Amino acid sequence: MAKKVGFFGQGDARADSKDIPEVGIGMIGYAFMGKAHCNAYKKIPYIYWPPTAKPRLIAICGRNEAKVKEAKERYGFEKYYTDWREMLKDPDIQVIDNTAPNNAHKEACIAAAEAGKHILCEKPLARDATDAKQMLEAVKKAGVKHACAFNTRFVPAVRLAKNFIDEGRLGTIYHVRARFLQEWLVNPDLPHNWRLSKEVAGSGTLGDLAAHSIDVCRHLVGEPKCVSAMQTTFIKERPSADDPSKKVPVDIDDATEVIWEFQNGAVGTLESSRFCLGRKNDNSFEINGSKGSIAFNLEDLNRIQVYLPDDEMPEVAGWHNVLVSEAFHPYWEVWWPHGHIIGWEHSFIHELNHFLGAVATGKDVGPDAATFEDGYRNNVICDAIVKAAETGGRVTINY
């Protein structure tokens, strides 16, 4: 028999692959996030050796038969479906991975839970907290494993920041500033797409970008207490993707600005925008405490900025630029010699391996990964931000 492996997949390299359990994957969606998740599934079995569980790509589902058939061949699934209801009947599937647009999360995830499938759902969990609560209730009732895919938690530098905070090395937290900035909507001639539709996406930068910042700040610091906010839409309509001569209204936020207070007394700001020229994927945060500070930016994800005053060496006091690539750093035990950096896509390998480990061993998905509970709370915070922006007042977070 193979030696039992640890939760993160590390164990006896002499293990017989025949002893590694397979977990059947059924994926809804095949675009941006589908590609990122498939990349992770295909790498897990040889990056984590022996893996806690080996993903088996059973089926992929999408409405466009030609495109989903192509995705089946591209990613190596055994079959494809054009109706997720039919896919849920497949007995070989244990996990439903929902990477579809936001409006396709609720119904499919609830049905998957009722079918006894474990569920990994992309963020935001839902378009609003009402839908998210129903999804959370469904997975609790079914007793299945569930995760909301906030992959930033699984960047080694972010996990190192959490370790520092949990160990008390930053002391009492005073400030929490986070932002997620992109530039891709600055051109007013860019065609309308589903991310610009409230009916499909639920919100704009709030659910697409700020949700990531909200999750990582909750994960690192704790629960927000209240928010004040403003939102704006810079370009009110865009050309139709089908007919550029026609205009389609934009009914989501192009930018969101938030002032927030945390239950532990910390205060700070949260900003999200897709109108910041020069910012490609600036998912960053800075946390200031009584003993030190930490700063991180996803655009330079192998590094973390750390300020920990050293009274014994005042001549080198200041911010330190730490390359997070040592073998003793989080998640690095499976990667390369130090200095051989990894990328954004590797966070999904860590995340999905963790989730498959929970499915295979029965261990908890949280608190390392975000669960549907975290996804629901994220939606509650987003809804409170919308209310604060609409009313111009301060809104208390109430789960």
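1. Let's start with one histidine. His 219 has its place in helix H8. This is a predicted model, and in it His 219 is buried, because its relative accessible area is 10% and the cut-off for buried is under 20%. Beyond its neighbours within four places in sequence, His 219 is in contact with Arg 153, Lys 162, Pro 367 and Asp 368.

2. Helix H8 covers residues 205-220 and lies across strands S7, S8, S11, S12 and S13. Its direction makes an angle of about 150° with S12. A further helix, H10 (residues 372-391), lies across S8, S11, S12 and S17, and runs at about 55° to S8.

3. What order do the strands of the open sheet follow? Nine strands take part, in the order S16-S15-S14-S13-S7-S12-S11-S8-S17, with mixed pairing. Strands S16 (320-323) and S17 (395-396) stand at the edges; each has a single partner strand, so one side of each has no neighbour in the sheet. As a reminder, strands of a sheet pair through backbone hydrogen bonds, either parallel or antiparallel.

4. S8 and S11 run antiparallel and are joined by eight bridges; here Val 227 has Trp 260 in S11 as its bridge partner. S11 (residues 255-262) is also antiparallel to S12 (residues 267-273), with seven bridges between them.

5. Compare the opening residue with another histidine, His 175, which is found in strand S7. Is His 175 buried or partly exposed? His 175 counts as partly exposed, because its relative accessibility is 35%. Not counting residues up to four places away in sequence, His 175 touches Ala 266, Val 267, Glu 286, Ile 287 and Asn 288.

6. The largest nonpolar core has 75 residues, and the members that touch the most others are Val 227, Trp 260, Phe 285, Phe 372 and Ile 385. Helix H10 supplies the largest share of this core, eight residues. Another core lies apart from it, with 37 residues, including Tyr 48, Ala 53, Ala 71 and Phe 77. As for Ile 385, its contacts outside four places in sequence are Leu 206, Ile 214, Val 227, Ala 229, Thr 256, Val 258 and Leu 270.

7. The whole structure holds eight aromatic pairs. Phe 32 and Trp 344 are a stacked pair, because their ring centres are 5.8 Å apart and their planes meet at 20°. This pair links distant parts of the chain: Phe 32 is in helix H1 (residues 32-47), while Trp 344 is in the loop between S16 and helix H9 (346-361), 312 residues apart. Trp 344 also pairs with Phe 348; their centres are 4.8 Å apart and their planes at 75°, so this pair is edge-to-face. Together, Phe 32, Trp 344 and Phe 348 form one aromatic cluster. Within it, Trp 344 is partly exposed, at 28% relative accessibility, whereas Phe 348 is buried, with a relative accessible area of 0%.

8. Finally, look for charges over rings. Arg 85 lies over the face of Trp 84, at 4.3 Å from the ring centre. Arg 169 lies over the face of Phe 164, also at 4.3 Å from the ring centre.

Notes
Residues are numbered from 1 along each chain as its sequence is written. This is a predicted model: local features need pLDDT of at least 70, side-chain atom pairs count only at pLDDT 80 or more; totals for chains, interfaces and linings use all residues. Side-chain values use heavy atoms; hydrogens and water are left out. Two strands pair if DSSP finds at least two bridges between them. Helices (H or I, at least four residues) and strands (E, at least two) are DSSP runs, numbered from the N terminus. Contact means heavy atoms within 4.5 Å. Axes are lines fitted to C-alpha atoms, for helices over the stretch in contact, and angles run from 0 to 180 degrees between N-to-C directions. A nonpolar core is a set of buried Ala, Val, Leu, Ile, Met, Phe, Trp, Tyr and Cys residues joined through side-chain atoms within 4.5 Å. Buried means under 20% relative accessible area, exposed over 50%, partly exposed in between (1.4 Å probe, protein chains only). Rings of Phe, Tyr and Trp (its six-membered ring) pair if their centres lie within 6.5 Å; planes under 30 degrees apart count as stacked, over 60 as edge-to-face and the rest as tilted. A charge sits over a ring if NZ of Lys or CZ of Arg is within 6 Å of the ring centre and within 35 degrees of the ring normal.
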